[in-house]
Amino acid sequence: MAYSQVTVTEHLLYHQQQSPQATGRFTNLFNDLILAAKIISREVNKAGLVDVLGFTGDVNVQGERVKKLDEYANDIIIHRMERAGVLCAMASEENAEMIVVPDKFKRGEYILIFDPLDGSSNIDVNVNIGTIFSILRRKSPAMQDVTLGDMLQAGVEQVGAGYFLYGTSTMLVYTTGQGVYGFTLDPSVGEFLLSHPDIRIPEQGKIYSVNESYWNYWDEPTREVVSWFKGVDNPRGKPHSLRYIGSLVADFHRTLLYGGIFMYPMDYRDPKRPRGKLRLLCEASPMAMLAEQAGGLATDGTKRIMEIEPHELHQRVPLFVGSEYDVRKVSEIYRKHAQKDGADDLRSI
Ligand code: AFP
């Protein structure tokens with residue numbers, strides 16, 4: 001069968017058959033999520049035509065102004081997924097607390113963590129946005145109430161991760177730990193068709209992606225990292241090109257296909273509270289799983305993103321993700337500074 005004729009459902013069923021313990025519940029989860037994304041995609045595509053643009057005036061848990069389409073996407077996913085019969089709980093970037101599937105619906109063992117419409121500040125200018133998701137299996141016994149502890153799992157525990165990209169075409173890119181696959185929505189038949197089988201991220205890239213306006217908020221090691229990508233001291237002998245959309249799904253998608261690195265480092269906007277912006281559970285962890293499954297890497301500068309143990313639902317983390325060579329370079333520079341700082345500390349004793 002030619003790639004372009006394989007639907008995402010066929011692809012999921014094929015992988016389900018490869019696993020003797022599979023019950024089909026995971027495939028059901030995916031199918032419901034796909035339906036929610038198709039509805040969001042339809043609304044995003046006509047965003048300029050109907051009265052869904054503009055701010056609602058509300059503020060979400062991250063202190064950002066919420067747009068109508070964010071709310072719409074959030075509501076659609078929650079509505080569909082609580083009825084899927086396979087989830088026990090969800091967490092959304094838009095909700096402060098975890099969302100337990102109500103008693104009136106059948107519950108299952110899976111947990112869905114998602115960012116319903118990432119990059120929403122780009123909606124008004126018709127730039128790509130997306131839905132990011134991470135799928136976990138609950139740790140506590142099914143007879144007990146699901147707890148926050150069930151949500152706070154390191155990235156290595158994810159059983160699936162991916163994103164929907166609403167762009168020039170709508171795409172689904174996902175992994176269940178057996179490689180990364182990309183599907184493009186064919187609007188004429190309403191199906192996601194396999195368009196990018198077994199995506200591999202190039203070992204070294206030519207592009208770096210970072211919001212460089214924060215230069216004055218960065219520490220010395222971070223400035224050295226970014227300077228390295230602008231420099232010529234690399235196997236190509238040329239500076240990396242800069243590309244930054246400001247929508248993680250779009251910047252990550254380009255990085256996955258073309259290689260290079262996406263960075264959102266820790267900054268010192270508030271010197272007392274240095275922090276990254278991106279959320280560990282609904283942004284960094286799923287992107288890290290995709291990157292690793294495609295042969296790339298993801299780090300916070302010192303630790304592998306996939307191994308970071310979360311301690312709160314909306315925890316933020318610095319993120320460096322992309323081609324293996326480029327991400328290793330980042331870790332190398334941070335390590336060099338950490339060793340130097342350690343030596344300086346020793347000298348000052
Ligand atoms: P919005 O959803 O508010 O547009 O934020 C998008 C985002 O979380 C992520 O998609 C981008 O990579 C990042 O923020 C961009 O942040 P900066 O504007 O600080 O560069």
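Guide: Start with a definition: the domain bounds used here come from an automatic or database domain assignment. Note also that this is a predicted model. On that assignment, the protein is divided into domain 1, residues 3-196, and domain 2, residues 207-340. Taken over C-alpha atoms, the centres of domain 1 and domain 2 are 24 Å apart. In the contact, domain 1 supplies 48 residues and domain 2 supplies 33 residues.

Now the ligand. Its shell draws on both domains, with at least three residues from domain 1 and at least three from domain 2. There are 16 residues around the ligand. S121, Y214, Y244, L248 and Y264 come nearest. By type, the shell splits into 6 nonpolar, 6 polar and 4 charged residues.

How much of the ligand does the protein cover? On its own, the ligand has 490 Å² of accessible area, and the protein covers 86% of that.

The size of an interface is often given as the accessible area lost when the parts come together. Domain 1 and domain 2 bury about 2900 Å² between them. Carbon and sulfur atoms account for 66% of that buried area. Polar links are present too. Across the interface, 12 residue pairs are in polar contact, with both residues at pLDDT 80 or more. The rule also finds 1 salt bridge across the interface of domain 1 and domain 2. The side chains of E93 and R279 meet in a salt bridge, at 2.6 Å from N to O.

Note on methods. Residues are numbered from 1 along each chain as its sequence is written. This is a predicted model: local features need pLDDT of at least 70, side-chain atom pairs count only at pLDDT 80 or more; totals for chains, interfaces and linings use all residues. Side-chain values use heavy atoms; hydrogens and water are left out. A residue is near a molecule or strand if one of its heavy atoms lies within 4 Å of it. Accessible areas come from the Shrake-Rupley method with a 1.4 Å probe; for residues, only the protein chains shown count as cover. Ala, Val, Leu, Ile, Met, Phe, Trp, Tyr, Cys and Pro count as nonpolar, Asp, Glu, Lys and Arg as charged, and the others, Gly among them, as polar. Contact means heavy atoms within 4.5 Å. Buried area is the accessible area (1.4 Å probe) that two parts lose on being put together, summed over both. A salt bridge is a side-chain nitrogen of Lys or Arg within 4 Å of a carboxyl oxygen of Asp or Glu. A polar contact is a pair of N or O atoms within 3.5 Å; within protein, one must be able to donate a hydrogen and the other to accept it, and residues adjacent in sequence count only if both atoms are side-chain atoms.
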